[in-house]
Amino acid sequence: MARIMAGMGTSHVPGAGAAMDNGKTGEPYWEPLFTGLEPLRKWHSQNVPDVNIIVFNDHATSFSLDNYSTFTIGVAEEFQPADEGWGPRKVPVVEGHPELAWHLVEELIFEEFDMAVAGSLDVDHGLTVPLSIAYDQPEKWPTKVIPLCVNVIQYPQPTPLRCFKLGQAIRRAVDSFDKDLSVGIWGTGGLSHQLGGERAGVVNPKFDNTFLDNMTKDPMANTRISHTDFIREAGSEGIEMIMWNVMRGALNETVKEVYRFYHIPVSATAYGGLILENE
Amino acid sequence: MTTRDYDDVPGTYVLDSRTYRKGYHLNMFLMTLNKSECRDVFAADEAGYLSGFKITELQKQAVLDRDYLGMLKLGANAYYAFKLVSHDRHPPQVMYGKMNRPELSFDEFQDMMLKGGRPIDGNRSKKETPNG
């Protein structure tokens with residue numbers, strides 16, 4: 001039987017990927033972030049699952065105004081790092097797990113989550129930066145990956161409660177997979193940030209830390225935040241945080257926080273990193 | 001035009017149906033900059049490349065002027081506008097700084113972030129501050 005080992009939440013700021021790609025992690029601007037990430041990386045080196053389900057969003061890369069599904073699962077054998085305007089990141093190709101991915105598609109759709117299915121999907125920084133944050137710069141990623149893309153950039157995004165319920169359904173689907181597999185689930189994006197308009201650069205540590213506290217103390221509280229509250233309190237791009245609810249929904253009711261790190265700034269973003277283990 | 005409760009948030013442009021419709025062709029132009037062959041054509045003749053899209057003269061001028069705030073007011077979304085600042089080989093803080101009023105340089109924007117970012121207090125509602 002497959003089982004979910006643990007969950008990670010992490011921001012996916014493209015600048016952090018570029019810092020690694022260009023050998024700048026020791027520069028004064030980046031040093032606090034990458035020092036803060038050391039325990040997270042150590043944990044990952046000791047807890048490598050067979051597959052990671054990475055809940056991420058595409059940033060006008062493979063999806064655009066032409067076609068943007070609310071929830072998409074990648075079922076391909078592999079996913080190429082995307083060209084998002086400055087050439088593809090020079091990171092390993094992301095290997096998929098079509099068998100588990102298709103199992104998720106079937107189970108989720110029969111649970112009335114109408115998943116879109118992507119057989120070809122170039123993955124942008126939303127997915128590859130978390131891999132780099134967890135695993136640094138290997139020649140090959142140590143796990144297979146199922147990309148689960150959520151529309152968080154085009155209003156109306158799915159509700160935070162729907163994201164949590166999707167996580168719960170993913171948990172049931174993984175539990176019912178009949179092969180012995182260890183599975184990690186990552187929620188990515190956030191925390192508070194705004195990238196457009198005169199208010200760009202707004203961050204809200206109090207909101208972020210309450211959200212992080214509630215991942216262990218009261219996860220349902222994080223399902224009751226309205227879209228307007230996200231926009232107002234966490235910046236127009238802060239609503240990416242709903243993807244962490246998918247991760248949280250897939251874990252046990254009670255979880256243990258084994259790592260937390262919060263740092264401002266990474267570009268215009270409040271960085272958050274979290275590892276949760278099932279209790 | 002339906003009003004939304006988040007319209008009260010200052011200096012913020014949400015990619016909702018109103019922005020979507022106003023900015024569709026502008027954003028789809030920006031989307032083409034994901035492709036290196038399109039970036040090359042755009043670099044060789046920006047105005048000529050833009051004339052191939054159904055965008056307004058105001059939108060076209062905002063792109064040529066790298067008037068990012070103007071682009072957002074005309075329907076562009078920040079994630080799409082990134083393609084343009086990346087095409088210029090500038091870090092995104094250049095775009096963020098140019099959207100501030102008054103404009104901030106890269107260093108000034110970076111400095112604001114290093115000091116903890118733009119504070120949320122005073123920036124939640126247009127009742128507090130008109131433009132964030």
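Guide: A salt bridge is taken here as a side-chain nitrogen of Lys or Arg within 4 Å of a carboxyl oxygen of Asp or Glu. The model under discussion is predicted.

Visitor: How far apart are the closest N and O atoms of Arg66(B) and Glu46(B)?
Guide: The cut-off for a salt bridge is 4 Å. Arg66(B) and Glu46(B) form a salt bridge, and their closest N and O atoms are separated by 2.7 Å.

Visitor: How many residues apart are Arg66(B) and Glu46(B) in the chain?
Guide: Arg66(B) sits in the loop between helix H4 (57–64) and H5 of chain B, while Glu46(B) belongs to helix H3 (residues 46–50) of chain B. The pair therefore links distant parts of the chain, with a separation of 20 residues.

Visitor: Is Arg66(B) buried or exposed?
Guide: The limit for a buried residue is under 20% relative accessible area. Arg66(B) has a relative accessibility of 12%, so the class is buried.

Visitor: Which helix of chain A holds the partner of Asp8(B) in a salt bridge that joins two chains?
Guide: The side chains of Arg232(A) and Asp8(B) meet in a salt bridge at 2.9 Å, N to O.

Visitor: Are Arg232(A) and Asp8(B) buried or exposed?
Guide: A residue is buried under 20% relative accessible area and exposed over 50%. For both Arg232(A) and Asp8(B) the class is buried.

Visitor: How many salt bridges does the rule find across the interface of chain A and chain B?
Guide: One salt bridge between the chains pairs Glu198(A) with Lys73(B), the closest N and O atoms being 3.6 Å apart. Another pairs Arg232(A) with Asp8(B). Over all chains the count of salt bridges is 22. Across the interface of chain A and chain B the number is 4.

Visitor: How much area do chain A and chain B bury between them?
Guide: The contact involves 40 residues of chain A and 55 residues of chain B. Of the buried area, 57% is on carbon and sulfur atoms, and the total is about 4,000 Å².

Visitor: Which element gives the most to the side of chain A that touches chain B?
Guide: Between the chains there are 26 residue pairs in polar contact. Helix H8 (227–234) and strand S9 (255–266) of chain A each supply at least two residues of the side of chain A that touches chain B. The greatest contribution, 4 residues, comes from H8(A).

Visitor: Which residues are linked with Glu95(A) in a network of salt bridges?
Guide: Lys144(A) and Glu95(A) meet through their side chains in a salt bridge (3.6 Å, N to O). This pair links distant parts of the chain, 49 residues apart, from strand S7 (residues 144–150) of chain A to strand S5 (residues 94–95) of chain A. Lys144(A) is partly exposed at 33% relative accessible area, and Glu95(A) is partly exposed at 32%. The residues networked with Glu95(A) are Lys140(A) and Lys144(A).

Visitor: What does helix H7 of chain B pack against through its buried residues?
Guide: In helix H7 (residues 92–99) of chain B, 6 of the 8 residues are buried. Val94(B), Met95(B) and Tyr96(B) are among them. In chain B, these buried residues pack against helix H5 (68–73), H6 and helix H8 (106–114).

Visitor: Is His44(A) buried or exposed?
Guide: His44(A) is part of helix H3 (residues 38–46) of chain A. Its contacts beyond four places in sequence include Met8(A), Tyr135(A) and Trp186(A). The limit is under 20%; at 2% relative accessibility, His44(A) is therefore buried.

Visitor: How far apart in space are His25(B) and Lys54(B), C-alpha to C-alpha?
Guide: His25(B) lies in helix H1 (residues 17–32) of chain B, and is partly exposed at 32% relative accessibility. Beyond four places in sequence, His25(B) touches Lys54(B) and Ile55(B). His25(B) and Lys54(B) are 29 residues apart in sequence, and their C-alpha to C-alpha distance is 5.9 Å.

Technical notes:
Residues are numbered from 1 along each chain as its sequence is written. Chains are lettered from A and ligands numbered from 1 in the order in which they are written. This is a predicted model: local features need pLDDT of at least 70, side-chain atom pairs count only at pLDDT 80 or more; totals for chains, interfaces and linings use all residues. Side-chain values use heavy atoms; hydrogens and water are left out. Contact means heavy atoms within 4.5 Å. Buried area is the accessible area (1.4 Å probe) that two parts lose on being put together, summed over both. A polar contact is a pair of N or O atoms within 3.5 Å; within protein, one must be able to donate a hydrogen and the other to accept it, and residues adjacent in sequence count only if both atoms are side-chain atoms. Buried means under 20% relative accessible area, exposed over 50%, partly exposed in between (1.4 Å probe, protein chains only).
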